[in-house]
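Subject: A structure for you to explore

Hi there,

Here is the structure I promised to pass on to you. Have a look at it first, and then read my notes below.

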Amino acid sequence: MTKVNTYGLKFGDAIVKSPNAALHIELYCFRVDHKTNGGLGAYRHFRNVCSLLWPKMEWHPWMEWSCRTLCEYQIVTFTGCAAASKTWIAGVFGFVFWLAEQQHTSVVLTTTTGKMVRRRIWPVIQQLYRDCPGLPGNMVDSKTTLQARMGDDKNGIFGIAVADGPVDKAVGNIKGVHNKRMLVVIDEATDTPEAILR
């Protein structure tokens, strides 16, 4: 094992000598909310991941507050005016949450209709993934799915419409996902059937 002095952690040579060592380490520290021996806590490590992947990403006070809140609480609700970047922020957080442990993570991104999935939340995931060539994953746009690996319909990021068709089916699609790590993002919650929110 090789000690990484920056955060007082030990990682194997496979990580330390990889070209993406810094990213792997920051993702791990974000995932475990590393705060001791030089650890910065989930939010600061989240920021470091974003800086490594998307160095031109602009941070404003609303985004900083939103991301810090997402890192600190299990249930978060945002309200705000149109064009306040709520969907973008949720997409970025969901993407990093999944990337931190792709093989054991499901991120479900819901919005009202299939058309709105493709217009609102899914383009965020497409752009984030496209801007980082070489990241793991298999993009299946026809299914609004980013799989951890080809054919994996459990571990990934999934865009789901919740107001198209029977509500029971949409609820079942969400409840049917079981994984070690789960994140559910409900976009346009005010127009989402109440059964989805339970």
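Let's start with a question: is Glu-101 buried or exposed? Glu-101 is buried, with a relative accessible area of 13%. Please keep in mind that this is a predicted model.

Glu-101 forms a salt bridge with Lys-180, and their closest N and O atoms are 3.0 Å apart. This pair links distant parts of the chain, 79 residues apart: Lys-180 is in the loop between helix 7 and strand 7, and Glu-101 is in the loop between helix 5 and strand 3.

Arg-181 has another contact: its charged end sits over the ring of Phe-97, 4.0 Å from the centre. Phe-97 forms one aromatic cluster with Phe-30, Phe-46, Trp-59 and Phe-93.

Now look at Trp-59, where Arg-47 lies over the face, at 3.9 Å from the ring centre. Arg-47 also meets Glu-64 in a salt bridge (3.7 Å, N to O). Those two are 17 residues apart, with Arg-47 in helix 3 and Glu-64 in helix 4. Arg-47 is buried at 16%, while Glu-64 is partly exposed at 30%.

In total, there are 7 salt bridges and 11 aromatic pairs. One of the aromatic pairs is Phe-95 with Trp-98, edge-to-face at 5.9 Å centre to centre. They are separated by about one helical turn, because they are 3 residues apart in helix 5.

Enjoy exploring!

Notes. Residues numbered from 1 in each chain as written. Predicted model: local features only at pLDDT ≥ 70, side-chain atom pairs only at ≥ 80, totals over all residues. Heavy atoms only, no water. Phe/Tyr/Trp six-rings, centres within 6.5 Å; stacked < 30°, edge-to-face > 60°. Helix = DSSP H or I, 4+ residues; strand = E, 2+ residues; numbered from the N terminus. Lys NZ or Arg CZ within 6 Å of the ring centre and 35° of its normal. Salt bridge = Lys/Arg side-chain N within 4 Å of Asp/Glu carboxyl O. Buried < 20%, exposed > 50% of the residue type's maximum accessible area, 1.4 Å probe, protein only.
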